[in-house]
Amino acid sequence: MSVRVRTARLRALLLALVTFLVVAGTATGCGSGDDRPRIVVTTNILGDITREIVGDEAEVSVLMKPNADPHSFGLSAVQAAELENADLVVHNGLGLEENVTRHVEAARESGVATFAAGEAADPLTFHADEEGGPGGGAGAPDPHFWTDPDRVRKVAGLITDRVIEYVDGVNEKAVQDNAERYDGQLATLSTWMEKSFAAIPEHRRALVTNHHVFGYLADRFGFRVIGAVVPSGTTLASPSSSDLRSLTRAMEKADVRTVFADSSQPTRLADVLRREMGGDVNVVPLYSESLTEKGEGAGTYLEMMRANTSAMTEGLTGG
């Protein structure tokens with residue numbers, strides 16, 4: 001028998017063995033986690049919150065990668081299939097995940113339990129100077145509820161209820177214990193943020209951001225939203241020259257020289273504003289719509305909010 005024939009037969013045997021193992025593993029669920037209940041979450045901020053509540057009681061799959069933009073990220077065919085095979089889908093809603101909504105709706109229509117966190121968070125609406133938010137202009141619901149930790153506490157409690165109600169096989173007491181522990185951490189965060197922001201004088205509590213994302217934080221902690229470089233609730237919009245001129249005038253009138261830009265997005269637009277105002281503008285990066293990889297500054301929701309609070313306090317006090 002020639003070496004070529006022996007090699008070909010060996011390859012055929014190896015291929016047959018690999019095929020057998022794959023088929024056997026699929027049939028038995030061995031090593032795939034198929035025997036565990038499954039929760040699919042669209043955004044990584046909600047994914048972190050959900051994992052804190054669920055712990056080891058179910059597999060939590062998060063569709064949005066670290067440092068991604070929730071307004072523009074999309075799904076692969078495999079991820080879309082995950083939604084329809086889940087025991088529970090947790091999504092933000094209110095138009096945030098613009099490329100994912102139809103997949104969530106398809107999962108709901110196929111009988112999957114879904115929970116829209118933003119709709120349950122007593123949503124605020126965009127004001128007249130915040131036109132162009134997801135789903136429309138002024139009067140449209142603002143999806144960025146997570147900038148208020150008290151609203152996150154409410155949402156976390158509701159996620160807990162949905163997990164217990166719809167995800168078979170979880171230990172109810174373990175989930176409730178996780179939720180109670182996390183609620184305490186959120187309460188501590190809220191109190192710490194309030195004390196930190198107390199160092200900012202009233203006349204300096206004015207926010208200018210890349211786009212309208214901190215309305216809930218402003219409402220909770222007593223800030224004024226002067227405007228945004230992108231006059232919209234989504235990063236997919238673009239500012240016009242008149243938008244920049246209007247914002248420049250508003251900033252000069254309010255004596256505001258600090259712009260908070262999303263750390264996961266280029267600061268080009270904020271840099272344009274800096275040039276419009278003669279260079280005397282401080283651009284401070286914040287983690288606004290996405291977590292980072294672990295160890296990169298905002299690996300969890302709690303870490304993100306603490307980092308932002310410290311950056312905002314320093315940026316507005318000049319300390």
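Helices α5 (residues 149-166) and α6 (residues 172-197) have axes that come within 9 Å and cross at roughly 175°. Here axes are lines fitted to C-alpha atoms, over the stretch in contact for helices, and angles run from 0 to 180 degrees between N-to-C directions. That crossing makes α5 roughly antiparallel to α6 (the label for angles over 145 degrees). On the α5 side, the contact (heavy atoms within 4.5 Å) is made by Pro 149, Asp 150, Val 152, Arg 153, Ala 156, Thr 160, Val 163 and Ile 164. The α6 side includes Glu 172, Val 175, Gln 176, Ala 179, Asp 183, Leu 186 and Met 193. Sorted by class, the α5 contact with α6 has eleven nonpolar, three polar and four charged residues; Ala, Val, Leu, Ile, Met, Phe, Trp, Tyr, Cys and Pro count as nonpolar, Asp, Glu, Lys and Arg as charged, and the others, Gly among them, as polar.

A word on the ground rules: this is a predicted model, where local features need pLDDT of at least 70 and side-chain atom pairs count only at pLDDT 80 or more, while totals for chains, interfaces and linings use all residues. Residues are numbered from 1 along each chain as its sequence is written, and side-chain values use heavy atoms, with hydrogens and water left out.

Leaving out residues up to four places away in sequence, Ile 39 touches Thr 50, Val 54, Ala 58, Glu 59, Val 60, Ser 61, Leu 88, Val 90, Val 163 and Val 167.

Buried means under 20% relative accessible area (1.4 Å probe, protein chains only). Among the buried α2 residues are Asn 44, Leu 46, Asp 48, Thr 50 and Val 54. These buried α2 residues pack against β1 (38-41), β2 (59-62), β3 (88-91), α5, α6 and α10 (301-317). Just after α2, Gly 55 takes a positive phi of about 60°.

Overall, the secondary structure comes to ten helices and eight strands, taken as DSSP runs (H or I, at least four residues, for helices; E, at least two, for strands) numbered from the N terminus. Buried residues make up 46% of the 319 in the protein.

How values were computed: Parallel < 35°, antiparallel > 145°, perpendicular 65-115°, else oblique. Buried < 20%, exposed > 50% of the residue type's maximum accessible area, 1.4 Å probe, protein only.
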